[in-house]
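The structure is shown first, and the description follows.

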Amino acid sequence: MTIAFVFPGQGAQTIGMGKALAEAYPAAKAVFDEVDAALGEALSQLIWEGDIETLTLTQNAQPALMATSLAAMRALEAEGVSIDKAAFVAGHSLGEYSALAAAGAISVADTARLLRTRGQAMQSAVPVGEGAMAAILGLDLEAVRAVAEEAAQGEVCQAANDNDPTQVVVSGAKAAVERAAEIAKDKGAKRAVMLPVSAPFHCALMQPAADVMAEALADVAITSPAVPLIANVRADAVTDPDEIRKLLVEQVTGSVRWRESVQSMAAKGVTEFWEIGAGKALSGMIRKIDRNLTSRQVGTAEDVAAITAG
């Protein structure tokens, strides 16, 4: 059995996530303390006792989800499960930063600050209401790319997240994405769902945010991860720090190639995926990508106990 550790992206956040881990494991609590100190605010209080609307703001959700994933990782380590149990790490969008922090390539404090900057930059890149995203269900990537091209009509409209064989997300100008949703239904999509997001992530409209991240990443120490990262925009393994830095910038405007990333890991021998952090969205995608793959969630103290007992 070959294992990969995968880390969730935005949308997995819930009030209270990671609290039981912090109460059960001092090393998990230390992660939240470190993130609070790095940001100069009590983000952990928002995560555990705040309101979901404030937590869901991109600038809060991104470091909060990373903190929860790293707390789960530290709990595993406290039970004797180290990062080198995994053959690869990968993360969905912001989860790529969690994966790199878990693999020791970027410090937790630097990762928290980078994600706060990333969230703010992505939010401010496009005025609220001018961009949108929609999940197209029941069409494959090539079909959705054709839909996006037809819908663009001179505006930005791109396939942003290739999540699994049944779900591709389009992103871009609001009117173009709305056209894409209608065209997709005419082309046989089962559903086209406008997503409740605050900005059109992973498309060309995010170029201002990519410029901000290029500057921010230039000043951060990045070392080779303890295990290879399967990068979102390449869907293949990378370990070189300079290459990682470049791909993190590309990731802001580039597609999240999650389906191909999972297939790449499976082709390299991975048979089991551990979803480290909040929720189980990635596990659901993985089942749809390849029914022969298994997945386990590691987001609570009970999950850690179950996985280390067996």
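Predicted model: local features only at pLDDT ≥ 70, side-chain atom pairs only at ≥ 80, totals over all residues.

## A salt bridge between Lys187 and Glu150

Lys187 has a relative accessibility of 52% and therefore counts as exposed, the cut-off being over 50%. Glu150, at 43%, counts as partly exposed. The two side chains meet in a salt bridge, with an N to O distance of 3.6 Å. Lys187 lies in the loop between α9 (174-186) and β6 (191-194), and Glu150 in helix α8 (residues 141-152), so the pair ties together parts that are 37 residues apart in sequence.

## Other salt bridges

In the whole structure, 15 salt bridges are found. One of them joins Arg259 and Asp162, whose closest N and O atoms are 2.9 Å apart. Because Arg259 belongs to helix α12 (residues 258-267) and Asp162 to strand β4, this pair ties together parts that are 97 residues apart in sequence. Both Arg259 and Asp162 are buried.

Lys268 and Asp236 form a further salt bridge, with 3.0 Å between the closest N and O atoms. Lys268 is partly exposed at 38% relative accessibility, and Asp236 is partly exposed at 32%.

## The largest pocket

The largest pocket has a volume of about 750 Å³. Its lining comprises 32 residues, and Gln10, Gly11, Asn161, Leu195 and Val197 lie nearest the centre. By class, the lining residues are 17 nonpolar, 14 polar and 1 charged. Among the elements that each supply at least two lining residues are α5 (58-78), α7 (108-125) and β4 (157-164).

Methods:
Residues numbered from 1 in each chain as written. Heavy atoms only, no water. 1 Å grid on protein atoms, 1.4 Å probe; cavity = no way out; pocket = protein on both sides within 12 Å on 5 of 7 lines; lining within 4 Å. Points joined across faces, edges and corners; volume = space filled by probe spheres on them. Helix = DSSP H or I, 4+ residues; strand = E, 2+ residues; numbered from the N terminus. Nonpolar A, V, L, I, M, F, W, Y, C, P; charged D, E, K, R; others polar. Salt bridge = Lys/Arg side-chain N within 4 Å of Asp/Glu carboxyl O. Buried < 20%, exposed > 50% of the residue type's maximum accessible area, 1.4 Å probe, protein only.
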